[in-house]
Amino acid sequence: MMWRLLLLASVLLLAAVPQESMAQGSGPTPELANRQLTNPAQEKAATQVMHALRCIQCQGQSIADSDAPMAATMRAEVRQQIADGKKPDAIRQWMIERYGEWVSFEPDMKGSGLLLWAAPLLLLLLGLFMARGLFRRKS
Amino acid sequence: MIAETGLAALWLAAAMALLQLVGGLTLLRGEGKLTPLIKPAALVQGALCVVSFASLMWLFYVTDLSVLLVASNSHIDKPLIFKLAGTWGNHEGSMLLWVSVLSLSGAAIALLEKRIDTRTLNATLAVQAFVALGFFAFLLFSSNPFERLVPAPVEGAGLNPLLQDIGLAFHPPTLYIGYVGLSVAFSFAVAAMLTGQVGPAFARAMRPWVLGAWIFLTVGITAGSYWAYYELGWGGWWFWDPVENASLMPWLAATALLHSVSVLATRNALRAWTIMLALVAFAMSMAGTFLVRSGILTSVHAFAVDPERGSFILALMLMYTSLAFLVFATRIGTVKQGEPFQIVSREGGIVANNIFLSVILAIVLIGTLYPLAAETMGDKISVGPPYFNKATAPIALLLMVALLLGPMLRWRRDELKRHKYWLVGFFAISLWTGVAIWRFVPGVGVFPILGLALSLALAIAAWVPLKGRKLLRTPLPVFGMVVAHFGLAVSVFGMAAESGFSRETLTALAPGESAKVADWQVKLDDVRPVVGDNWVAIEGQLIARNGDKKFILRPQSRQFYRPEQQTSEAALLTRWNGQLYAVIAQPDENGDGRWQVRLWWKPFVTFIWFGGLLVALGGAISLLGRMFRRPKKPAVNKWAQA
């Protein structure tokens, strides 16, 4: 855990790099990066989306937890799209198209991702299968 | 000279370990000439490791800068406590601590263990020495803590000021001691397989080590979680980060092992099962060390990225676990099926516990390693909190359901209808709570609702095993079990309340302006600069009001120099029913004199860690009971459990 601080430090150092050098982070922080949407239901949906997106400038944080300028831009984008009435899943797809699969903390339920999502059930069945020999039938 | 003494002691200790191992190998073909040497060698090895570790500690105490490790990790002006903690606050020192605790455990077994036969005892010490040898080799060949530095520097490089935190000084060793305890359990398990003594005596000898390891892991994870929560300023308490997962996996395995070893000790059932869990627990603690030390996974704790050392630990891990599973595969046929039982029985409940915990463990393992596997196939994907939460929460809830009933069942066989009033009662409490929340609080997710409902039922169910007992004559381990299960209910209650009912407000305030979060009215009273030892900060003074009560919070945004870094120091206001969490950031960029303020109200969030500590306390009560109570007649106590 202690190493988080080291990382935080490096992230912040990165953040301190002049912003012109970062294509997406240029200009002042967008308004919606650190402002909540006025509609609580919309803000809640936006927060969920933000927690499921990785800050691609940092090591392992979601954009909701990051102070990097890139994450701020992405937060603003998420809030804007939610305010425009876009569905959370569509926003996720939009982000994946722009930044690749890496940006989503939640693997898609297709291809090898399907295995990941089926794992809990498969493992549970495997456990029951392994345990079946232990029990004695009622006499 | 001190450094050379320490190094010499380390080499000699390694030689003792080798002697133990050779003695153990001769043991495989009957009693060998070297067999009687195993016990004394274990004692000497323990003593030598103490000498070695004490030498290193002395070097840090006097800040001997001619030693590379001291020069690069300490500073002449550092406070004494952090000089001493610096001994293990680095890679080499922490590995020396690892192997020293391992050797001391070996010596303790040699000295104190009377429950198992000499042959199994000797085999245990030999396996223990085999594990230790790997780490001795690691230290001596790739991480020598006593390496000299010529010429010696004048003042030392120091330790990152942020890491000079008393909690951080003791967090890593806590986890390490837990890992070492699991390696002792591993040695017992392998030895018992080799000598064919997998039975209650072996289980009773192994149990205190599992219990001890588990207590340390529980405390370590709880403390680490709270530290991340207050120090990072993001309001979260668990991030499903690879390094966090690396500490969670051994804990899950240890928890499962702790339960199944009680069945083996009390009822002589679940033999192969217990051995298997002991091997898995050790593999997970090695994997934990490997994941943390190698930096192979992208982690918020990116540090100590050292491929050479990482590969060394990986090689050790693969060697030990594959050898152990080889022994398992060849010897498990000789381990007889344990005593039979029916599904509805205490054993059945513990099998459910084992299955659910193992499934959670497997999900965490797969989810942590999956991105690595995908990357070798050319896919760069992430697996993060949304997956882990959704995949593990249902299993964790099933585990809680099993826990409502399990501890009140009889050994061997029981009838559900004997417990129908309790069952109906628990169901009614859960249903009533769940429906009430669902009906009256809009927008709470299904997992938080179920978590709250089940934790309330469990908070009552946990005490049922004490019903009808004379409290003064109840064995301590029963109290331990009750407290630990109650602690789990408390912790889950906190988690569910936090995730279902937290309120967040993000705002920009000028001095004099207010914001609202949950029932709190928070006014930014003033912002002023503050100067510390090696930092400057802006400090906000917030006045929080709830009804007539008024509180002051002072979050800071700190700018450190040498090394230059910026951190948020969150301000926390703790009430009995939750915490108000405030963070202030550098001025708003629009330049209108406002300050970025982030506020959370987190209901009952402290229950998460109080619950964790209660769980550890339950473990400690059990351990006391196991250590100081000599059973007059062999285990017939009905509720006896870990």
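1. Start with a term. Helices (H or I, at least four residues) and strands (E, at least two) are DSSP runs, numbered from the N terminus. B:Trp422, for instance, sits in helix 14 (residues 420-440) of chain B.

2. On reading the model. This is a predicted model, in which local features need pLDDT of at least 70, side-chain atom pairs count only at pLDDT 80 or more, and totals for chains, interfaces and linings use all residues. Residues are numbered from 1 along each chain as its sequence is written, while chains are lettered from A and ligands numbered from 1 in the order in which they are written.

3. Confidence in chain A. The score pLDDT is the predictor's confidence in each residue, from 0 to 100. Its mean over chain A is 78. In that chain, 77% of the residues reach 70 or more. Among the elements of chain A, helix 1 (residues 3-16) has the lowest mean pLDDT, 47. Helix 4 (residues 88-99) of chain A has the highest, 92. Over residues 10-26 of chain A the pLDDT is below 50. Beyond near neighbours in sequence, that stretch has 23 contacts in the model; a contact means that the C-beta atoms of two residues, placed from the backbone, lie within 7 Å. Where pLDDT is low, the predicted coordinates should not be read in detail.

4. The make-up of chain A. Chain A has five helices and zero strands. From the N terminus on, its elements run α-α-α-α-α. Of the 139 residues in chain A, 37% are buried. A residue is buried if 20 or more other C-beta atoms lie within 10 Å of its own, exposed if 12 or fewer, and partly exposed in between, with C-beta atoms placed from the backbone. Take the contacts in chain A with a separation of 6 or more: residues 24 or more positions apart account for 59% of them.

5. Helix 4 of chain A. For the twelve residues of helix 4 of chain A, that gives 16 Å, and the end C-alpha atoms are 16 Å apart, which agrees. After the helix comes A:Gly100, whose phi is positive, near 90 degrees.

6. A:Ile91, A:Arg92 and A:Met95 are buried in helix 4 of chain A. They cover an arc of only 100 degrees around the axis, which puts them on the same side of helix 4 of chain A. The arc is that of the directions from the helix axis to the C-beta atoms. An α-helix has 3.6 residues a turn, so residues three or four places apart point the same way. On the other side of helix 4 of chain A, A:Asp89, A:Ala90 and A:Glu97 are exposed. What covers the buried residues includes helix 2 (40-51) and helix 3 (69-83) of chain A.

7. Chain B overall. Chain B has 17 helices and ten strands. Of its 642 residues, 55% count as buried. Its C-alpha atoms fill a box of roughly 85 × 80 × 55 Å, taken along the principal axes. A compact globule of 642 residues would have a radius of gyration near 26 Å; chain B has 27 Å, which agrees. This radius is taken over C-alpha atoms, and the globule rule is 2.2 Å times the number of residues to the power 0.38.

8. The cores. A nonpolar core is a set of buried Ala, Val, Leu, Ile, Met, Phe, Trp, Tyr and Cys residues joined through C-beta atoms within 7 Å. The largest has 222 residues. B:Ala185, B:Val210, B:Ala253, B:Ala254, B:Leu257 and B:Ala281 touch the most other members. Helix 8 (residues 200-232) of chain B gives the largest share, 18 residues. Apart from this core lies another, of 21 residues, among them B:Leu509 and B:Ile584.

9. Which of them are buried, and which partly exposed? B:Ser455, in helix 15 (residues 446-461), is buried, with 25 C-beta neighbours inside 10 Å. B:Tyr179, in helix 7 (residues 166-195), is also buried, with 25 other C-beta atoms within 10 Å. B:Trp422 is partly exposed, with 17. Leaving aside neighbours within four places in sequence, B:Trp422 is in contact with B:Met408 and B:Val464.

Notes
The expected span of a helix is 1.5 Å times one less than its number of residues.
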